[in-house]
Amino acid sequence: LVLAATGAESPGEWWVTVDTDDTARIDRIALGIRSMLDDAGYTYDLETRYVTIEAERASDRAVVAVILSLGIPIVAIGMIGVVNTLATTILERRREIGVLRSVGARSRDVRRVFRAEAVVLVVAGWVLGIVVGRVLGGWMMATVNDAFHVEFPLRYPVWPMGVALVVALVIAALALWRPLKRAGELPPGDALRYQ
């Protein structure tokens, strides 16, 4: 609590420190000081500052920023794995593409098959990521809460999950574009001879 006296006889500023984190108790103490000063006839300005609570919030924000900065490279590495898997799948299945083309499948049909597989792979990874992320997030928050004796609420906002799905689908589509184009242009005979 910061108490600034504005009277002519005793101008000055005093700090009253309260050793509690309970905001209701701090407000009651401030109200008590206010009433005592009013009863004594002082003119004053009383400001309540929750210093400890603000410090804890700042440390909470710092921990969240560190976790987010660690999460972005992990997601990038995961997306590289998805891109590699999709591109390799097409290259390794050239014989299958040749069989599909020789039985009458058009390039568009072949691309549709691989795009459907990519969507299934991305959506399955997205769902698995949500479940694993929820479990790991709960475990991490419990560990941090126990270690630092603070209460971090576990928030799981919905909009980043939708953004993650859209970004993953776009990256998968971009990763498939070139290999699918090459696979669609491959003559069926060459694809069947591919070892």
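R106 forms a salt bridge with D109, the closest N and O atoms lying 3.3 Å apart; a salt bridge is here a side-chain nitrogen of Lys or Arg within 4 Å of a carboxyl oxygen of Asp or Glu. The model is predicted, so that local features require pLDDT of at least 70 and side-chain atom pairs pLDDT 80 or more, whereas totals for chains, interfaces and linings use all residues. Residues are numbered from 1 along each chain as its sequence is written, and side-chain values use heavy atoms, without hydrogens and water.

R106 is partly exposed, with a relative accessible area of 47% (buried, under 20%; exposed, over 50%; partly exposed in between; 1.4 Å probe, protein chains only). D109 also meets R112 in a salt bridge (3.5 Å, N to O). These two residues, D109 and R112, are three residues apart in helix 4 and thus separated by about one helical turn; helices are DSSP runs of H or I with at least four residues, numbered from the N terminus.

The structure holds four salt bridges. In one of them, E117 pairs with R93 at 2.6 Å between the closest N and O atoms. This pair links distant parts of the chain, with E117 in helix 4 and R93 in the loop between helix 2 and helix 3 (94–102), 24 residues apart. R93, E96 and E117 are linked in a network of salt bridges.
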